[in-house]
Amino acid sequence: MSKQYGYLALFESAPAVYHAAQSVREAGFKKWDVLTPFPIHGLDGAMGIKRSKVPVFTLCGGVIGFITGMLTAWYMGQFDYPLIVGGMPFFSPIFPFPVAYELTILLAAFGTLGGMFITNRLPMHYHPVMNYDKFRHLTDDKFAVVIEAEDELFSETETREFLESLHPVEIAVISDEEDE
Amino acid sequence: MSSDKKSIQFLIGGLILIALSVVGLFVGSEADPSRPFIGWLLGISFWLSILIGMLFLVMIWWMFDSGWSVIVRRQLEHAISAFPYLAIIFLPLILLSLFSSDGGQVPWIWMNSEAIVPGGHGTVAEDSLYVAKSGFLSQSFFVVRYVIYFCVWSGLAYFFRKWSFNMDKTGDHVNVHRSRKLAAVGLFLCAFATTFAAFDWFKTLNYHWFSTMYGVWFFAACMRAALSATVLSLFYLATREDRLKGIVKPVHFYMIGCLMLAFTVFWAYISFSQYFLIYNANIPEETFWYNMREMNHDGSKNSWWWVSLGLVFFHFFVPFIYLLWYKNKFVMRIRVVAIWILVFHLLDLYWNIVPQELATDSHGGYTVRQFGVHFVDITMLLGVGGVVIWAFLKSAAKERPIPIRDPRIEESINCHE
């Protein structure tokens, strides 16, 4: 069984795909993407993509790390096994600071990495666009706009006409067929 | 012509305020005659720290062949022309230390061999810690070092300015190569000069103390002050039709904002590490420096306790959280945090320079000089500021607003994230 994943419009140059992306955004599509072999500056702005949510994961990781470091020192030094070391108090926020600080950085880094995986929905071993016969060109010298069939504004005829109005090199139907 | 007039007004205003400060020097109290001179030191240190940070930034940008910063660099080149004037304004402190070191007015107590130092077993001359450090802490060497520091700063500033302005006129790339080579050497020279200046002028106010991190603290403080001052001056210039209007873009503020965040963390890292090591080692020769910033002789909390907490929360924590946000690195929001950091940078200088154990008897009794704003603090801050702004405007009126023939000028103007 295979069903239509969406339309792909192929472009020859970065400016062409940049302007096409602006048109698609203005047309109001939500479920669509641009495929390029290299990062294009300002493309996220042209596509209307908001800033990444990854910093939220980083902040959460950092705060959890800091609290973990302080709690560890408090649990061991004051709660579980109080021991006088060098005349210092059982717990103070000062001496466990390096531990809390290191854990802040460590868990913030984990949060960043994990957040990047979650927001990008990685790992992703299969994507319907891979079925496109010129897919390899998209990692080399060609650019593409893909509009998914699941988009609310999608219609088989009108979306095709809309993409043709952007003057792509070609338009291909992408089908979602996973080999059993 | 009008900008010339304006800059002269700053010079005249500055000189009047400095003259007022000279009058203020003679109104110190009997118990604490050196306090007005501390104010003199404070006023210079605030502006000097900004200029030192700017000199470091110029050299770092040359060193890394940085592209985005080229149009910002030119503004800093204007500002660092003020080093020689600061050397002149510093002179009264040097003359005082040479000719009147036993009068009790000189801020550096080690210059007065008759002075009684709390915790020092008698006078300075009898103090074993002074005797051990006397090779470094001699008045003539102190003056020589003052000359060396200002020669290093003024000299580096002179050459970076000269070659950068030459580049505008001739377009000869040898100017760029020279600047990059000098930056490689100059970073070391400036690092040494800044470190030892912090030792000489701030740390030896309590010469018993030991801390190897002190120079790095001053470097971090300088960088924060310089970046904040850069933001404010860029805002001023970006409103001027004949200056940087339409040239400075939000992205330049974003880049500086990132550096501000980095140096906020760095300042906290250094300041905390210094405290942390002394706290853990718990040796009286080191802890007394922090003790007087927390409590009086009898153990009761003093005014510096609140200043200390203010630095932790408002000089680190608030700017740190604030600058983490992407949107806070643009337009009005970064201007707010730049002013904030400069205010607390000044408080940080107060905290480092002003506290002092003032001996009340010869048996180790003392009172701590409390936090307070002296008349000379204010007049010197504004007065030196007037002179620095005059030097900036004077240089800016003479040279082009951006280095038009710099090889990376296009990259800087079309800078993006």
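Author: Happy to. The second largest pocket holds about 1500 Å³ of space. A pocket here is found on a 1 Å grid over the protein atoms alone, as an open set of points with protein on both sides within 12 Å along at least five of seven lines, whereas a cavity is a set of points where a 1.4 Å probe fits but cannot get out; lining residues have an atom within 4 Å of a point. Grid points are joined across faces, edges and corners, and the volume is the space filled by probe spheres set on the points.

Some ground rules before going on. This is a predicted model, in which local features need pLDDT of at least 70 and side-chain atom pairs count only at pLDDT 80 or more, while totals for chains, interfaces and linings use all residues. Residues are numbered from 1 along each chain as its sequence is written, chains are lettered from A and ligands numbered from 1 in the order in which they are written, and side-chain values use heavy atoms, with hydrogens and water left out.

Now the lining. The second largest pocket is lined by 37 residues, and those nearest its centre are A:Trp32, A:Asp33, A:Ile49, A:Asn120 and A:Arg121. Two or more lining residues come from each of β2 (32-35), α2 (43-47), α4 (97-119) and β3 (143-148) of chain A. These elements are DSSP runs numbered from the N terminus, helices being H or I of at least four residues and strands E of at least two. Sorted by class, the lining has 21 nonpolar, seven polar and nine charged residues; Ala, Val, Leu, Ile, Met, Phe, Trp, Tyr, Cys and Pro count as nonpolar, Asp, Glu, Lys and Arg as charged, and the others, Gly among them, as polar.

The pocket also involves both domains of chain A. Chain A is divided into domain 1 (3-50 + 128-176) and domain 2 (54-119), with bounds from an automatic or database domain assignment. Each of these domains supplies at least three residues to the lining, and their centres, taken over C-alpha atoms, are 45 Å apart.

Six of the six residues of β3(A) are buried, meaning under 20% relative accessible area, with exposed being over 50% and partly exposed in between (1.4 Å probe, protein chains only). In a regular strand the side chains alternate between the two faces of the sheet. On one side of β3(A) are A:Phe143, A:Val145 and A:Ile147, on the other A:Ala144, A:Val146 and A:Glu148, and both faces are covered.

β3(A) has strand partners too, where pairing requires that DSSP finds at least two bridges between two strands. Strand β1 (residues 3-11) of chain A runs antiparallel to β3(A), over six bridges, with A:Ala9 opposite A:Val145. β2(A) is also paired with β3(A) in the antiparallel sense, over four bridges. There A:Trp32 has A:Ile147 as its bridge partner, and A:Trp32 is also one of the residues nearest the pocket centre.

The largest cavity contains about 100 Å³, and its lining includes B:Ile109, B:Tyr207, B:Phe288 and B:Glu357. That lining divides into seven nonpolar, three polar and one charged residue.
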